[in-house]
Amino acid sequence: MLVKLAVLFSGNGSNLENLLKTLHQKSFNGVKFEIVLCLCNKKHAFGIQRAKKYGFETKIIEHNHFATREEFDSLLVSEIKKSGADLTILAGFMRILSPIFTQNISAINVHPSLLPLFKGANAIKESFQSDMKIAGVSVHWVSDELDGGKIIAQKAFEKGTLTYEEFESKIHTLEYELLPQSIIGLFSDTSRYDLKPMLKNT
Ligand code: GRF
């Protein structure tokens with residue numbers, strides 16, 4: 001089986017690069033993954049250079065050129081559908097998505113906290129500063145609620161005496177493990193996950 005992926009990002013793009021390195025054109029348990037679309041809403045994002053290293057020309061759609069969230073989301077939807085992607089990955093895509101997107105695209109997101117704690121853009125800082133003894137990362141389905149869709153997988157660690165820099169780096173290391181593992185898992189273990197919503201674009 002061939003699974004086509006679209007990856008949306010806004011900035012650094014290290015998760016995008018990790019997916020290009022670990023999943024693109026690779027097979028796991030009889031499933032081959034192909035990234036068919038890299039899409040970004042910021043024309044100077046560093047991730048665009050990362051994608052180039054792998055031969056990808058990133059599709060740039062700048063959200064500030066649109067009068068409404070819905071108009072921007074409609075174009076995202078049509079680009080993703082055009083690409084033929086079976087599943088869309090939000091890898092640091094810093095936009096709140098309207099139902100135009102969430103009801104038409106099967107997408108998952110990687111988030112740098114143990115959801116449902118620390119939703120939103122400051123998750124790493126908030127989770128570091130909290131008095132919780134553990135922290136972690138989550139991969140979840142994208143729904144109408146920001147960072148609120150059903151959780152697919154999580155990894156946790158003890159904060160111990162980590163400095164902020166060490167903490168942040170640990171979060172990213174776990175994201176690089178969990179996101180590809182989750183994608184592979186979704187297509188390997190059809191008894192655990194309902195694949196229907198994600199295959200509706202095919
Ligand atoms: C990651 O920490 C991800 O969890 C969050 O945004 C960050 C993106 O990092 N949603 P990068 O652009 O993949 O380096």
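Predicted model: local features only at pLDDT ≥ 70, side-chain atom pairs only at ≥ 80, totals over all residues.
Residues are numbered from 1 along each chain as its sequence is written, and side-chain values use heavy atoms, with hydrogens and water left out.

Helix H1 spans residues 14–22, where helices (H or I, at least four residues) and strands (E, at least two) are DSSP runs numbered from the N terminus. Seven of its nine residues are buried, and buried means under 20% relative accessible area, with a 1.4 Å probe and protein chains only. Those buried residues, among them Leu-16 and Leu-19, pack against several elements, including strand E1 (2–9), helix H2 (47–53) and helix H6 (164–188).

Gly-13 sits in the loop between E1 and H1, and it is buried, with a relative accessible area of 9%. If we leave aside its neighbours within four places in sequence, Gly-13 is in contact (heavy atoms within 4.5 Å) with Gly-47 and Arg-50. Ser-14, which lies in helix H1, is also buried, at a relative accessible area of 14%, and, with neighbours within four places in sequence again left aside, Ser-14 is in contact with Arg-50 and Tyr-176.

Finally, an unreviewed UniProt entry carries the annotation "binding site" on Gly-13, Ser-14 and Asn-15, although such annotations may be inferred rather than shown by experiment.

Notes:
Buried < 20%, exposed > 50% of the residue type's maximum accessible area, 1.4 Å probe, protein only.
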